[in-house]
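User: I am new to this structure and would like to know what lies behind the terms used for it. Please go through them with me.

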Amino acid sequence: MSFLPRSPSAIFLSTVGLLAVVAAVFPQWLTPYDPTGIDVTALLAAPSWRHPFGTDELGADVLARVIYGVRLELAIALGSVVLAGVVAIPCGLLAGYLGGWVDWVLTLVADSILSFPIVLFAVLIVASLGASVATLIGVLGFVFVPRIFRLVRGQTQVIRATGFVRAARAMGVRTPTILVRHILPNILGPLLVIVPQLMAIAVLIEAGLSFVGLGVQPPQISWGSLLLVSKNYYIAAAWYPLAVGTVTTLAAAALVFGGDLAAAAVNPSRRRV
Amino acid sequence: MSEVLLEAEDIRIRFAKRSGRKNQVVRAVDGLSFAVDPGETFGLVGESGSGKSTAGNAAIGLQELFSGTVRYRGEPMPVPGSARWRDLRRQLQVVFQDPFSSLNPRWTIRQALSEPLKLHGLASAEERDGAIARLLEQVGLGAELAARYPAALSGGQRQRVCIARALAVQPELIVCDEITSALDVSTQAQIISLLQDLKAQTQVALIFISHDLGLVRGVADRIGVMYLGRFVETGETGKIFARPLHPYTIALLHAVPVPDPEREAARKHQPLHGEIPDPADPPSGCYFRTRCPYATDICAAEAPAFEEMEDGHRVACHHVREIEQGVRRS
C-alpha cells in the first residue's frame with residue numbers, strides 16, 4: 001500500500017481532495033440544507049452554529065451553496081485540463097522527440113497562444129459564443145495547451161537523450177512505443193505538478209470571469225457566480241463575499257501543494273523493491 | 001582470413017554548431033577507416049571530444065554520416081528506420097557510459113530485459129523468465145535481481161544489466177561506449193574481466209571505446225588512437241604498447257600509471273600540455289601539432305599521410321622516422 005499518503009500534510013490534503021470529490025458527487029451528504037431554499041426569517045444572517053458561513057440574500061445557507069458549487073468548479077478545472085492535455089501531451093512528445101520542423105511549427109503555435117492575454121481572449125470568445133460552462137472550459141483548455149505543451153516538450157528533450165531511450169532505439173523499438181512506454185511514464189512527475197497548478201488557475205480564472213459576468217451565470221452555482229452576487233452585500237454582510245473568496249483561495253492553494261506532494265510520491269528514485 | 005564483420009570507409013560526420021552569430025561546422029569524425037573482424041575487439045582511444053563515441057554510434061547505424069560508408073558483412077548500412085535497419089538491430093548493439101540513466105527507472109530489470117526478447121520474438125512468454133535468469137547469470141548477477149527496480153542496484157550491477165540487455169538479442173557486435181568510466185576502479189576491473197569472459201563464450205565482437213589506455217589494453221585485440229576525429233595511430237594492441245610511434249600515443253601511454261611505485265617514480269614523463277583544440281576550428285596541417293613536442297614547420301603546412309610502418313601498424317606523423325629511431329636508441 002505504498003501509494004497511501006503518510007505525512008501529516010499529505011493526509012490532510014488527501015482528505016480535502018476526497019471531500020471535494022464527495023461534495024461534487026453527493027453534496028447532500030455534507031450539508032442538510034437546500035442551496036436554493038428560501039428562508040425569509042433569516043435573510044443575510046450572520047455566521048452562527050446553524051449557518052457557519054451565514055445566509056444569503058434569500059436566506060439560503062452560504063456553506064451549502066459553496067458545497068454545491070464544488071461540482072461545477074471541479075468540472076471546469078478538470079475539464080479544461082483534460083481537454084488541454086489531450087491536445088498538448090501528444091504534440092509535446094512529438095515536438096520534443098522529433099525536433100526539426102515539427103518542433104518549430106508546434107512551438108511557434110504554442111508561443112503565439114501564450115502571448116495572448118487570457119482575459120482579453122476570454123472576452124472575445126464569450127462575446128462571440130455566449131457565456132456558458134462549456135465556453136469557459138473551452139477557453140481555459142485552449143489557454144492551458146501551450147503550458148502543458150512546453151513542459152512535455154522540454155521533459156521529452158531531456159529523456160530522449162538518456163541511455164535507456166537510446167538503447168531502445170538501438171534495439172529497434174519503434175518511435176510510438178518509445179514515446180508511450182519509455183518517455184510518457186517518466187514525465188508523469190512534472191505533469192502531476194502542473195495539472196493541479198493549472199486546476200488552481202482554472203478555479204481562480206473561473207471566479208474572475210464569472211465575477212465580471214463572462215463565466216458561469218446565476219442561478220447556476222459556482223464560486224465565481226456566488227462572488228458576483230455576494231459583492232452587492234459586502235457592507236451589510238461582509239462575511240458573505242469573504243467566506244466565498246476565502247474558500248476559493250484556499251482551494252487553489254490546496255491544489256498547488258497537493259501537486260508538489262503527488263510529484264514527490266511518484267518519484268521513482270524513492271522506489272525500491 | 002575470415003570475412004570482415006564491419007567496415008567503415010572514410011566516414012565523416014559533421015554537426016552544425018552556432019556560436020554567437022557564426023554558424024560553424026564541427027567535424028566530429030573526419031575521415032576514419034577501420035574494420036572489425038568477427039569476434040575481434042577493436043579499441044577506440046582518445047580524449048574527450050576526439051569523436052570516438054560519434055564514430056562508435058556511426059559504426060552501428062545510429063548516427064547519420066556526412067560522407068563515407070559503413071558496411072556490415074559487405075552490405076552498406078541501411079537507412080535508419082527502414083525494415084532492413086530494424087533487422088540489423090539484432091546484430092548490432094550498444095552499451096552506454098552512464099549506467100544510471102541507461103535503464104528506465106520505472107521498469108523492473110525483468111521488464112528491461114523482456115523488451116528485446118519480446119521485440120525480436122526470441123523467447124515465448126513461458127520461456128522468458130528462464131531466458132532472463134540465464135542472461136543475468138551470464139553477466140554474473142543473481143536471478144532474484146529481476147524483480148528489482150534500477151534504483152535498488154549499484155552502478156556496476158546496472159552496467160551488468162545493460163550488458164545483459166545488449167546480449168539478449170545475441171548480437172555479433174556490441175559497441176561499448178566508455179562503459180567503465182562512471183564506475184569505481186575495482187568495479188571497472190570486474191566489468192573488464194566480464195567482457196573477457198563474454199568474448200570467449202559468445203564470440204561477440206566489440207568496439208571498446210575508452211579514454212583509458214590501461215583498460216583498453218586488457219580487452220582490445222587492435223587499437224585505433226583518435227585525435228580530433230582522425231586516427232593518429234592504429235595497430236595491434238601488443239605492438240602499440242610495446243612501441244608507440246605517434247607522439248600523441250606516447251603521451252597517452254605516459255599518462256597510464258604503472259602499478260609499481262619504484263618503476264613509476266623512475267619513469268620519464270612526457271605530459272601533454274593544453275587542451276584538445278576546438279573541432280569547429282582545427283589547426284592547419286597536422287591536428288596534433290599545437291601540442292606536439294616534435295612539431296616543425298612542415299606539420300603546420302601539410303597533414304601527414306597515414307603511413308603503414310609494418311604489418312597493420314599505421315602512424316600519421318611527419319616525424320615518425322626520428323621517433324622510431326629515438327625509441328630504438330633508448
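User: What is Leu173(B) in contact with, leaving aside its neighbours within four places in sequence?
Analyst: Contact is a matter of C-beta atoms, placed from the backbone, lying within 7 Å. By that rule the partners of Leu173(B) include Leu5(B), Leu6(B), Val36(B), Gln91(B) and Ile207(B). This is a predicted model, in which local features need pLDDT of at least 70 and side-chain atom pairs count only at pLDDT 80 or more, while totals for chains, interfaces and linings use all residues. Residues are numbered from 1 along each chain as its sequence is written, and chains are lettered from A in the order in which they are written.

User: What makes a set of residues a nonpolar core?
Analyst: The members are buried Ala, Val, Leu, Ile, Met, Phe, Trp, Tyr and Cys residues joined through C-beta atoms within 7 Å; buried requires 20 or more other C-beta atoms within 10 Å of a residue's own. The largest such core here has 162 residues, and Ala202(A), Leu173(B) and Ile207(B) have the most contacts inside it. Helix H2 (residues 62–98) of chain A gives the most to this core, 18 residues.

User: How do you know how H2(A) and H5(A) cross?
Analyst: A crossing is right-handed if the near helix is turned clockwise from the far one by less than a right angle. H2(A) passes H5(A) in that right-handed way. Their axes, lines fitted to C-alpha atoms over the stretch in contact, come within 5 Å and cross at roughly 35°.

User: How many residues of chain A are in contact with chain B?
Analyst: 19 residues of chain A touch 23 residues of chain B. H6(A) gives the most to the chain A side, with 8 residues.

Definitions and conventions
Two residues are in contact if their C-beta atoms, placed from the backbone, lie within 7 Å. Helices (H or I, at least four residues) and strands (E, at least two) are DSSP runs, numbered from the N terminus. A residue is buried if 20 or more other C-beta atoms lie within 10 Å of its own, exposed if 12 or fewer, and partly exposed in between; C-beta atoms are placed from the backbone. Axes are lines fitted to C-alpha atoms, for helices over the stretch in contact, and angles run from 0 to 180 degrees between N-to-C directions.
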